[in-house]
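Let's take a walk through this model together. Have a look at it first, and then we'll go piece by piece.

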Amino acid sequence: MTNPPHDVNLVYAQVPLEAVADRFRFSVDDDGVTVAGACPRCHGPTSTTFPKGLVGTKGFPRLRRGGDSTAELEAAASAETLFCECGFTHAGQPEDTLFEGCGAQWTFKSAVGGAA
Ligand SMILES: [Zn+2]
Ligand SMILES: [Zn+2]
């Protein structure tokens, strides 16, 4: 399966997308859960790491409780909203943005059972 090329001509816009099916890879290591894949809007490569034990962040009760099975971590990460972090400065991107990308945000379609 080949992904479309990164659309670097896309103008930055904060666009909430529908839940995205599992086009993303989860990987778990000592730092936390990294979710990597292609942005569903600009198709650039994006990768977001959710640190384990991050306090005060919504959506990670399992991480805060110290649950660290891969399934638990993936379920917790699946509840998070992801932002495009393709690293490209799309036209119109605010200077103070936290996420260098096209502005898209999305959640996962809950492919992992028991995430609720
Ligand atoms: Zn993007
Ligand atoms: Zn991009």
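A residue is called buried when its relative accessible area is under 20%, exposed when it is over 50%, and partly exposed in between, using a 1.4 Å probe and protein chains only. Two bits of housekeeping before we use that. This is a predicted model, so local features need pLDDT of at least 70 and side-chain atom pairs count only at pLDDT 80 or more, while totals for chains, interfaces and linings use all residues. Residues are numbered from 1 along each chain as its sequence is written, chains are lettered from A and ligands numbered from 1 in the order in which they are written, and side-chain values use heavy atoms, with hydrogens and water left out.

Let's start with the strands. Helices (H or I, at least four residues) and strands (E, at least two) are DSSP runs, numbered from the N terminus. Three of the strands make an open sheet in the order S1-S2-S3, with antiparallel pairing; two strands pair if DSSP finds at least two bridges between them. S1 and S3 sit at the edges, each pairing on one side only. On average, neighbouring strands here are turned by 20 degrees against each other, direction ignored.

Now zoom in on S2 and S3. They pair in the antiparallel sense over seven bridges. Ala36 stands opposite Ser47 in S3, and Ala38 stands opposite Pro45 in S3. The two strands form a hairpin with six residues between them, and His43 in the turn has a positive phi of about 70 degrees.

Helix H2 (residues 70-78) lies across S1, S2 and S3, running at about 125 degrees to S1. Contact here means heavy atoms within 4.5 Å, and axes are lines fitted to C-alpha atoms, for helices over the stretch in contact, with angles running from 0 to 180 degrees between N-to-C directions.

Next come the metals. Donors are N, O and S atoms within 2.8 Å of the metal (3.2 Å for Na, K and Ca), and water is not among the atoms, so sites may look incomplete. The zinc ion (ligand 1) is held by Cys39 (SG), Cys42 (SG), Cys84 (SG) and Cys102 (SG), at 2.2 to 2.4 Å. Why is the arrangement around the zinc ion (ligand 1) called tetrahedral? Because its four donor atoms subtend angles of 106 to 113 degrees. Four donors count as tetrahedral if all angles lie between 85 and 135 degrees; four count as square planar and six as octahedral if opposite donors are over 155 degrees apart and all others between 65 and 115, and anything else is irregular.

Along the chain, the donors of the zinc ion (ligand 1) follow the spacing C-x2-C-x41-C-x17-C. Cys39, in the loop between strand S2 (32-38) and strand S3 (45-51), and Cys102, in the loop between strand S4 (82-83) and strand S5 (105-106), are 63 residues apart, so this pair links distant parts of the chain. Cys39 counts as buried at 0% relative accessibility, and Cys102 counts as buried at 0% too.The zinc ion (ligand 2) has His6 (NE2), Cys42 (SG), Cys86 (SG) and His90 (NE2) as its protein donors, lying 2.1 to 2.3 Å from it. Its site is tetrahedral, with angles of 102 to 120 degrees among the four donor atoms. His6 lies in the segment before strand S1 (25-29) and His90 in the loop between S4 and S5, so the pair ties together parts that are 84 residues apart in sequence. His6 is partly exposed at 26%, while His90 is buried at 1%. The two zinc ions are 3.8 Å apart, and Cys42 coordinates both.

Finally, a word on confidence. pLDDT is the predictor's confidence in each residue, from 0 to 100. The chain has a mean of 79, with the lowest confidence in helix H1 (residues 61-64), at a mean of 48, and the highest in S5, at 91.
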